[in-house]
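Dear colleague,

I am handing over the structure below, followed by some notes on what was found in it. Please read the notes with the coordinates open beside them.

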Amino acid sequence: MRKPITIQSKPFELTEDVKQRIQEVVRLFDAYLDEYPVKSARSKHALMGPVAKVLDRAKAGDWYTEPLTGYALRIHEMNPRARGRPVSLSAVDNLEKGTDALLVLCQSVPITALARIVDQVDYHLYYVRRKKGLAWLEERKQQLINWLQERYKGGDEAFAKAWGLKKGSRIGDQYYFGPSSKTYLGGTDQLKADMDAFYAYLKGLGEEPEAVEETEEE
Amino acid sequence: MNYQTVHKDALEWMIGRGWKRKWGKKGEFTQSLLEHTDVELNTLFTLLPILEHPLHYNLTKSEKQAIIVGTIAHDVGKETDEWQEYVQLPRAEQRKRFVPHIILELTQATVPQLVEHLGFAPEIIEDAIAFVNIHMAAVRTPTAMMGLIQSRREGSSRWATLARVVDVVDNLCSAKGPFAAMEVLKDSLLSQHLHATYHLVQIRGVSTTMLHRAAMEAFAEAGWSPLLHFSKGTIYVADSRVSALEPSPDTIQARFAKLLDGALTIENAPQLVVGRNFSTSVIAKPELFNPALLSRYLDVASTRMRTAPFLTGYTVKPDSNPEMQATVQEKRRNLVQAYLEIRDDLPDHGLDEKIIEQQIQRFAEAQPEMGMWVLFSAAVKDGLIPHPKAPFEEVFGDGSYEQFQKCPKQRQYVNNMVYGVELFWGLSGHRLGLEIERVEQLEPKRRLALLRQTLVDIANQAQEKADHGSVASYGIAKDVTQLLMVDLIHPAKSIDLTQTAHCQLEAYLDSKEQAKKENAKPHICPICNAEFPGGDAAKEDFVTGVESHTNRALAHGRFGYIVICEACKYERYLRQLLLGERPPNVLVLFPRMNIGYHSGELLRRKAIQIQEIGSTLMSVDTANPNERLTLALTNLIARRLVDGDSEANWLVRAVEHGLEPTELIELMTYDLTDDKQKEYRRELEKALRDEYEFKKGEEDVAILNEEWETNFPDWETAVQAVAERQVRNQTVDEIWADAQKLRPIFRVVCHTPHMILVPLSGVFKNRKLVSQFFVGNDSDTNAALRELFVTLLLGLALDCSVAVIDSGEPITLEGGEGVARVPSVPAVRELIGSDWVGLTEAPMWLRRIGAAGLLARATAYPESSNLYQILSAPTPGHILRRIEQKQKGQVYMNQLPLIEAVIEPIKEVSHA
């Protein structure tokens with residue numbers, strides 16, 4: 001009797017090399033998204049911008065760097081917030097390099113591990129972006145509190161009355177919200193006036209007050 | 001020179017330099033730099049009193065100080081980042097890029113600081129520096145030595161010899177195991193100044209801690225000082241000027257027997273000896289029966305048959321279905337009829353309900369006494385106490401012993417009543433000096449006490465009169481000691497190795513066939529692998545999985561219970577005796593490889609201190625009844641351990657400094673929620689009502705005031721006073737502690753520096769007693785992670801190896817394994833990647849599991865597996881997204897460090 005043929009299937013492991021390549025892809029996409037108009041969002045879809053589409057298609061295969069980058073750029077341009085703001089050359093460069101590195105990575109791993117690799121890129125990038133978004137919001141929150149303290153000279157009572165808040169509301173407990181938020185749209189006239197002034201103040205500092213989508217804390 | 005003060009100051013200095021989290025040894029075993037140096041310092045403190053003698057080295061104070069400083073600082077070069085990086089490389093790579101740990105500049109800078117810290121004279125600096133720089137034979141090259149000779153200005157004239165003392169101590173403490181250490185000592189220059197010997201045991205379990213203690217005591221008595229403890233034994237030294245003889249195995253055995261004797265008569269022994277179910281087994285462990293404890297056995301027996309459960313079974317419940325009612329009616333009638341028939345007292349007109357009820361009540365009242373009679377009968381019939389015919393008949397009258405012989409040794413109500421209880425109840429009160437006609441009329445509690453005393457007196461008289469040749473005399477401790485002495489490997493009596501090998505071979509040849517057969521043919525014990533001439537089938541009572549698969553008996557014999565050797569059986573009996581009633585698992589603390597005498601004692605004291613503080617907190621004496629201890633609530637422990645700013649971070653303190661017992665307890669303490677406090681208050685009220693037989697709304701405070709000698713105006717005030725601990729007596733204390741669910745969750749029972757055993761209480765899950773690490777619906781995996789978290793914390797805080805073993809599991813830990821053993825749950829072992837967590841990974845895993853505990857609520861994963869799900873998430877983004885999905889998009893900035901503690905994110909890159 002001939003010897004039985006035995007095979008051993010080894011599960012794909014994330015080697016150091018693969019980890020470094022994932023890290024590089026994340027770094028490039030992160031750099032690109034730094035120039036994407038949405039800085040903070042509660043939905044993953046909004047936060048990841050065109051990169052989400054790139055990842056989806058990379059997983060599906062049959063795409064090359066240039067068309068995929070072009071597809072992503074078109075999505076970028078279609079975002080209403082991006083209108084009138086051309087994509088910078090460095091952003092295009094990062095997007096292209098990131099897409100290329102991703103496609104190369106996808107081709108170098110077994111097909112069975114493809115979804116896992118793309119998932120790694122997806123969620124690592126998401127974490128990095130979300131963390132930046134939270135830090136951005138935290139910074140704006142502090143700026144808003146300081147600004148309101150200055151405006152109302154620390155008078156919590158006067159502030160609560162002007163903004164139509166419950167008795168006992170404190171300036172120090174406020175959070176940042178954008179001009180399209182429910183809080184802004186449903187706020188008192190004084191709230192809107194204050195926030196408009198604050199948005200103007202932010203713009204003066206070179207910030208984009210509207211670079212936040214659905215950011216209100218409940 | 002006060003060595004204890006020097007030790008304390010030296011520890012402070014080493015901890016200050018971060019030596020607790022730095023590697024000192026890696027290879028055959030792992031030690032932190034602090035541990036390694038501490039062991040050497042301990043060893044030196046034991047050696048110096050001998051070496052300083054004028055007939056040995058005649059050491060001056062300066063020389064002693066220089067040797068101490070040299071020993072503490074000898075590995076200072078290992079604290080550098082380069083060496084730390086080097087030591088963690090694989091061995092093959094280490095060869096390619098050697099990093100020395102003797103750095104002259106570092107020694108030059110460090111030694112003066114240390115000398116100043118210890119308050120020693122500056123003149124010793126030059127010697128101490130030399131000791132550090134030439135403490136390894138490899139660096140004592142002619143060039144180096146000549147250089148030193150030329151550069152020396154002051155110090156001892158025999159610095160080169162003294163430097164070799166530092167070298168020997170280093171080699172001695174770096175040896176893996178007692179044999180290797182003995183070899184170092186014998187081949188060293190100290191051999192002419194010291195006698196050295198050792199005791200060595202085979203680790204079996206709790207009996208090993210007693211054997212260690214017996215050996216240590218015997219050696220100390222013979223004039224030996226313990227030098228180094230390993231989990232398997234101790235090395236001892238004595239001054240070579242005096243003749244020190246090794247204690248004989250018989251001396252150790254005598255001490256061992258004494259310790260065992262004490263263990264066999266400890267408080268909970270009767271609970272284990274007396275069976276739980278009197279209809280099947282009355283004396284569960286006849287081997288441990290000690291007639292001297294009969295009084296306590298009888299007490300336990302009186303609780304095994306109780307009035308209330310009897311009445312429950314023999315009372316017709318009006319709300320039960322008619323069939324059930326008829327069955328109970330029939331049972332009642334049958335019992336009474338059988339009883340009256342034996343007594344020949346059946347009424348002519350037959351049984352009516354009144355007679356039945358009257359007799360059932362008598363049976364119910366007789367239950368505790370019946371329990372005593374059943375036990376006494378079993379003890380007599382099994383030959384555990386001599387036949388007490390004469391003293392028995394002296395009390396109960398002529399012919400009574402013949403009657404008593406018919407009293408069954410199991411629970412059989414009718415015969416137990418007629419041939420036991422009624423012999424006693426029928427006694428004349430006047431004869432016993434009581435103002436009643438029959439003993440039956442006596443108040444039940446007094447009657448029970450009287451019966452106990454009567455039976456004990458009868459047994460004692462029988463024992464005195466008995467011919468010792470015909471009855472079983474109590475010598476169990478001696479027998480058990482004899483069996484367990486096989487674990488003492490040195491010093492031991494010489495054996496005929498050829499004969500032993502022959503016996504082993506013979507047993508091995510038949511081992512498969514005999515594995516599950518109870519006969520007198522040679523066996524191999526499936527637990528300890530020793531050959532033995534036949535034994536008993538293991539019971540589930542003391543061995544887990546007695547029917548489980550064994551490689552032996554693979555193709556032979558029926559599928560029965562495994563047969564284990566007597567030594568293993570008694571080891572398990574002892575565990576139950578010492579560790580309490582079958583704790584589901586035991587926490588074992590032991591040195592990572594070796595430990596010095598002083599540090600060993602320190603570790604032992606710390607364990608005892610933890611026990612003392614913990615037991616106060618978990619008892620009626622607690623100062624704050626709303627405080628509780630937990631080992632299982634990972635999030636509560638992690639709250640302070642992982643969270644918080646760096647200054648207050650307990651984890652950093654645990655890793656870099658170690659924690660004191662009070663700090664450890666503080667970490668594990670939490671406050672009850674308001675809801676829980678209210679619940680316990682309600683339970684207290686209910687328990688008080690039950691105790692004093694009050695119906696709700698009909699509480700009589702006058703009864704309480706009379707019993708408590710108080711003056712409460714109403715029930716509410718009285719209950720409040722109990723809740724606030726203003727009323728204290730034994731009954732109230734017990735009720736209060738029960739209502740508050742105050743019970744010990746661990747006890748430190750066996751402790752020597754070699755091994756500390758801490759039985760952990762269990763919790764009931766689906767009616768099965770399981771480890772206390774199960775919280776709510778925890779899966780095995782989640783509970784294993786909680787267990788690992790606590791063992792890591794203890795291992796890091798107390799600088800020792802920690803493992804949790806199942807109560808029936810053999811203890812096979814030898815030291816050198818790591819900080820904490822990973823529970824044997826496949827998913828957890830796969831997650832961690834090894835069976836033990838080592839020194840480097842321990843803080844990381846402690847932080848990871850702790851952070852997972854803190855994120856558990858926010859991620860809202862199923863309670864059964866939340867910790868595992870978080871820890872096995874592929875990226876931090878997965879955890880973050882999960883939190884957002886479950887918390888309406890809400891995630892807080894302070895959750896991000898926790899997520900990053902669980903999984904390190906890809907490093908952020910700053911973009912221009």
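In chain B, Gln367(B) lies in helix H17, which runs over residues 353-381; helices (H or I, at least four residues) and strands (E, at least two) are DSSP runs, numbered from the N terminus. This is a predicted model, in which local features need pLDDT of at least 70 and side-chain atom pairs count only at pLDDT 80 or more, while totals for chains, interfaces and linings use all residues. Residues are numbered from 1 along each chain as its sequence is written, chains are lettered from A and ligands numbered from 1 in the order in which they are written, and side-chain values use heavy atoms, with hydrogens and water left out.

Gln367(B) counts as buried because its relative accessibility is 2%, where buried means under 20% relative accessible area, exposed over 50% and partly exposed in between (1.4 Å probe, protein chains only). Leaving aside residues up to four places away in sequence, Gln367(B) touches Met305(B), Arg306(B), Thr307(B), Phe310(B) and Tyr413(B), contact meaning heavy atoms within 4.5 Å. Ser302(B), 65 residues from Gln367(B) in sequence, is 7.5 Å from it in space, C-alpha to C-alpha.

Glu369(B), also found in helix H17 of chain B, is likewise buried at 2% relative accessibility, and with the same exclusion its contacts are Val421(B), Phe424(B), Trp425(B), Arg447(B), Leu448(B) and Leu451(B).

Turning to H30(B), its buried residues are Tyr680(B), Leu684(B), Glu685(B), Leu688(B) and Arg689(B), and their cover includes strand S13 (627-629) and helix H31 (701-708) of chain B. After H30(B) comes Glu693(B), with a positive phi near 55°.

Best regards
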